[in-house]
Amino acid sequence: MIKKVLIANRGEIALRVLRACKKLGIKTVAVHSTADRQLAHVKLADESVCIGGPNPKESYLNMPSIISAAELTNSDAIHPGYGFLSESEMFAEIIETNKFKFIGPSSKVLNKMGDKIKAKNAMKDFGVPCIPGFDGVLPEQPDKAMLKKVNEIGYPIMLKAIHGGGGRGMMVVENESELANSMNIVRTEAKNAFGNGDLYFEKYFDNPRHIEIQIMSDEHGNAVHFGERDCSMQRRNQKIIEETQACGISREEINKIGAICSEACVKLGYTGAGTFEFLYQDGHFSFIEMNTRIQVEHPVTELVTNTDLIAEQIKVASGEKLSMKQSDITLTGHAIECRINAEDPNTFIPSPGKIESFHAPGGPGVRIDTHVYSGYSVPPYYDSLLAKLITYDKTRELAIEKMYQALSETVVQGVKTNIDLHKKLLRTDFFTSGKYSINTLTKYIKNN
Ligand code: MV4
């Protein structure tokens, strides 16, 4: 039984986790940096502990400090949110050995999914469709075996770092003359960013959609999926709009890939919430990686499936069986999320500072997940997400119109935001028609 949860995160997700704990009658501990004393969830938590300086390394990434806070407050479990330590094998392992509960999968599973080749080979074994490529560690320089595989796959290929993520440590290679040099570049980049320069490659997909499947599994061998999200509306690996249900993909297709994902979770010994990321092109799903955490965009799934994924995540971590069967889960209606960031609309550079006034939109089917209030100062040390605005309605058209209205009602003064960009995007042909890929937003911004 979990009686007290330490929330090892900040911002809107810390508040979201706090709300789920309150609903379940679980005590909460907020941990925060010296720059985050003003956060709403710090004031609402039963206890709060300052864990270090404003730099994430001193606080939200500071494992000894967080574990000390858990000891000090007698917490049972730690919720890592997203980002920071949420996918850290070492953090999960330290929590496990100190007899706290990590609200997420085991350190063993985190190790496997954190290594893209291990993850891919496991998924292939479980029958998850993967992208053809070289599914081992590449040699220092192209050798006979590697070139044979490249020629079998055909150019273009994509070089990827085994420990890559967030769009770093990958490069498209168009022909053999670029191959050796590109390998050196990606390897150096990966060594610097992830401390590991191991590479693999795959066939390059030039215009895919980014579709992901939400899953949840318990400690008793049960797993379910909650359908898909289309997260293609992104720029430089930063998603800005997510929606479900995905345009033009049938329920049969989703249920088929969803069942493969939930079966894979059981075989993997996965526990908790997770997401299978796919590229979707020419009517086919191809696995790219698994996210072993709750994601920013989980609310759209909560709205169309009428579930509280964070509460379910906590219940599963406390050893309960999943409260639903696959047949209980149906997707009804349409939900869209717009990420409202404090950023310059032209340069996309973060725009920290004091929010002089803030007014949230409302009405039926309008949800806003935010930690922001009038007078709040956005610190410069963290990501620029101010609020997630989510609308829900019977049809996609109605959800879009509701979103446009909600964005028009929203007031954020004092910092620059991307609200106007969202309003413009909702009126583009590619968005209203639902015909967009991972390249669409970048192209739009270049031309407007
Ligand atoms: C790819 C790809 C095309 N072909 N793999 C980007 C981050 C990482 N999660 C995997 N990524 C990609 N892998 C092959 N074989 C294109 C991307 C990609 C991407 C994928 C999803 C969402 C946004 C993206 C932006 C650029 C590139």
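Two strands are said to pair if DSSP finds at least two bridges between them. Helices (H or I, at least four residues) and strands (E, at least two) are DSSP runs, numbered from the N terminus. The model is predicted, so that local features need pLDDT of at least 70 and side-chain atom pairs count only at pLDDT 80 or more, while totals for chains, interfaces and linings use all residues. Residues are numbered from 1 along each chain as its sequence is written, and side-chain values use heavy atoms, with hydrogens and water left out.

View 1. Strand 1 pairs with strand 2 (residues 27-33) in the parallel sense over four bridges, and Val 5 stands opposite Thr 28 in strand 2. Strand 4 (residues 77-79) and strand 5 are joined in the parallel sense over two bridges; here Ala 77 stands opposite Lys 101. Both faces of strand 1 are covered: Lys 4 and Leu 6 on one side, and Val 5 and Ile 7 on the other, are all buried (under 20% relative accessible area, 1.4 Å probe, protein chains only).

**View 2. Surroundings of Arg 10.** Arg 10 lies in the loop between strand 1 (4-7) and helix 1 (11-24). Its relative accessible area is 7%, and Arg 10 is therefore buried. The side chain of Arg 10 makes a polar contact with the side chain of Asp 36 at 2.7 Å (a pair of N or O atoms within 3.5 Å, of which one must be able to donate a hydrogen and the other to accept it; residues adjacent in sequence count only if both atoms are side-chain atoms). Beyond its neighbours within four places in sequence, Arg 10 is in contact (heavy atoms within 4.5 Å) with residues including Leu 39, His 41, Tyr 60 and Phe 84.

**View 3. The hairpin of strands 7 and 8.** Strand 7 (residues 157-165) and strand 8 (residues 168-173) pair in the antiparallel sense over five bridges. Two residues lie between these strands, and Gly 166 in the turn has a positive phi of about 60°. Lys 160 stands opposite Met 170 in strand 8.

Key. Buried < 20%, exposed > 50% of the residue type's maximum accessible area, 1.4 Å probe, protein only.
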